[in-house]
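Reader: I'm new to this one. Could you walk me through it, one question at a time?

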Amino acid sequence: MSHTEFDIIFAGGGTTACVVAGRLAECDPSLKILILEGGQHTLDKDVHVQPYQYFTHLGATSTAMTLNVGNPSPSLNGRAPIVPCGRCVGGGSSVNLMVYTRAPASDFDDWGVDGWESKSLIPLMKKLETYEVQPNLPTHGYSGPIKVSSGGHKLAVCDEFIHVGTTYHKRAYAEDTNDLETCNTYSPWVKYIDGKTGRRSDAAHCYVYNQAHNTNLQLWVGKRVKRVIFEDKRAVGVEFINDPVSCPGADQSSSTVRASKLVVVSAGAFGSPAILERSGIGAEAVLKRCGIEQLVNLPGVGENYQDHNGTFIPYLAADGIETLDSLWRGKENVLQEHLAQWKINGKSLIAQNGSDAKIKWRPDNDELKAMGSAFQPRWKEFFQDRPDKAVAIFALFAGYSGSRINVLPQRKYLVASCYTLYPVSIGSIHIKLRENGKEGIDFNTGYLDDPSDIVPLNFGYKKMREIYRRLPSYRGEVTSGHPTFPEGSAAVCGEAAGPVDLNAPDIIYTAEDDKAIDTYLRERVHTTWHSLGTCAMKPRADQGVVDARLNVYGVTNLKVADMSIVPQNVGTNTYSTALLIGEKAAMMIAEDLGLNFKSSSLSGDPQARL
């Protein structure tokens, strides 16, 4: 560790931190910048750069994710939900599913925050990406560090999904539903994968690792930030320890490092509010029960927790179709064949995540009627007059990579993904002291607490089942992965010889069947790894934590920059938003420091400057 004082310190090395630190180092290479990350390096590690391997990070033994265990919830039939988040260099960008979606422009306008309107953000959305899918589209960028492509191999079964969607489901088709306004059409699902190399396009490699030549940009891994150090109410540094997971058995005594210009807390929706609370910034009751002296009364810290609610439902598939099942099960001959091709030109299933098709779905009038009265107020209040906002994303995944991968018979599978984008329910995350005196979390997800939130999931199960029943590759349901319907019900699941006709009648669900789906959802609905909102960019009087320039209220020289600052949910997989926040934060910090924030030179091959 060559420095004890830096200009800027980042508490956390996830997606947004990498973007901000990388941009600032590029802008002024003389800036002494330190990133402290609790997890380990991801540089050139196969498990991170090979796209198909994302599923490995969701296992219980992964050290690249932290498993945050929520409090048991009556809305989940007493279940304690588990919500993972990234804990490695690059954070979520190094472990996520790499699906490329962007929020509608109106989401940012709805925040009502000066400088964060969509017209101000679209240039940054374009700046950060190289969109390899189609040329000359007005809302996409073509020279940024993050590569977006169709991946290294097309899965034919996804064409079946689109065909059934545009015929049976009677929706249109569009090549691009990430133009910031189009939705309710079936479309290809492109990916954060470099189309030339077939590698994951993550923030670590594209913003930080490619500046290894700059010794003023320091990245210390295995370092867990405990708190921000203040003199009066000015942030002057941080206290950290060796992370006990990344560095088992290492000395746990604290070290400090100073920042002359700025401290940026960038530890995500879980880590950032925890760092603030350990620093004495938060609600009096939370701090008091942890024995922490309050520095600033900010009761919004750790509140406003939001996520998307998801289900992944398995189906049986025809033997002859191409899926990722063999790769995900580690079938050696198949793996070596695809690896050989990938190493030559970046193609093959190695450069796949399993999904090439989706719809950002909005119900039509018949579907709204079928959804019943519980969803109507939410529809009228939020969705009806906002045609660019989808209720949910429906998608097909070619292969099963879930927790029962080693239990289910070795064959081909399809998975139906349905996740809602604007659930009403709100949760919270705070630190607490456990009985043994060690720090724990008091985490309420809020999942399904509002009665309207379960309705589109119920309908989504039914509609996706009808779509899958019509796929030529459909061979029935994986019974253990579906609701337990009563004996004799028309909805009972099982193996099938083939699909039903496109014009076949839909399954008719009884009230008892609906009860079975309700029970199933409360027992199975889970995170989509899109946690946000816990250090919200709102007015202080409205439980805000940071202002429009990401400054923490009540102190100086301290900002928060990550998904925790998002004040309202966004209708997207959140990697795109985390990158955007990073670009915006970098621009604002450069302005604060009086730097000439010139155009990017990070657009070249990340490997060229390692």
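Predicted model: local features only at pLDDT ≥ 70, side-chain atom pairs only at ≥ 80, totals over all residues.

Reader: Then is S106 buried or exposed?

Author: S106 sits in helix α3, residues 105-111. Setting aside neighbours within four places in sequence, S106 is in contact with D388 and K389. Its relative accessibility is 17%, and the cut-off for buried is under 20%, so S106 counts as buried.

Reader: How do the axes of α4 and α15 lie: roughly parallel or roughly perpendicular?

Author: As background, two packed helices are described by the angle between their axes and the distance between the axes. Helix α4 covers residues 118-127 and helix α15 covers residues 575-592; their axes come within 9 Å and cross at roughly 110 degrees. Angles of 65 to 115 degrees count as roughly perpendicular. That makes α4, relative to α15, roughly perpendicular.

Reader: How far apart are the C-alpha atoms of L124 and M587?

Author: Along the chain, L124 and M587 are 463 residues apart.

Reader: What gives the most residues to the largest nonpolar core?

Author: The largest nonpolar core has 180 residues, and F10, W116, F161, I281, L414, Y468 and L558 touch the most other members. The element that gives the most to this core, with 10 residues, is α15.

Reader: And what does L558 touch?

Author: L558 is one of the residues that touch the most other members of that core. Leaving out residues up to four places away in sequence, its contacts include V228, F230, A235, L262, I281 and N551. There is also a second, separate core of seven residues, with A274 and I431 among them.

Reader: How many residues of helix α7 are buried?

Author: Helix α7 runs over residues 268-278. Its buried residues include G268, F270, P273, E277 and R278. After α7 comes G280, whose phi is positive, near 90 degrees. The helix is largely enclosed by the rest of the structure, because its buried residues number 11 of the 11.

Reader: How many disulfides are there?

Author: A disulfide is a covalent bond between the sulfur atoms of two cysteines. C18 is in no disulfide, as the nearest cysteine sulfur, that of C88, is 9.2 Å away. The sulfur of C290 is 15 Å from the closest cysteine sulfur, in C535, which is too far for a bond. Both C18, at 1% relative accessible area, and C290, at 11%, are buried. The disulfide count comes to zero.

Reader: What is the phi of N136?

Author: Most residues other than glycine have a negative phi. N136 is in the loop between β5 and β6, and at 73% relative accessibility it counts as exposed. N184, in the loop between β7 and β8, also has a positive phi, near 65 degrees. For N136, not a glycine either, phi is positive, at about 60 degrees.

How values were computed:
Residues numbered from 1 in each chain as written. Heavy atoms only, no water. Axes fitted to C-alpha atoms, helices over the stretch in contact; angles between N-to-C directions. Helix = DSSP H or I, 4+ residues; strand = E, 2+ residues; numbered from the N terminus. Parallel < 35°, antiparallel > 145°, perpendicular 65-115°, else oblique. Core = buried A, V, L, I, M, F, W, Y, C linked by side-chain atoms within 4.5 Å. Buried < 20%, exposed > 50% of the residue type's maximum accessible area, 1.4 Å probe, protein only. Contact = heavy atoms within 4.5 Å. Disulfide = S-S within 2.5 Å.
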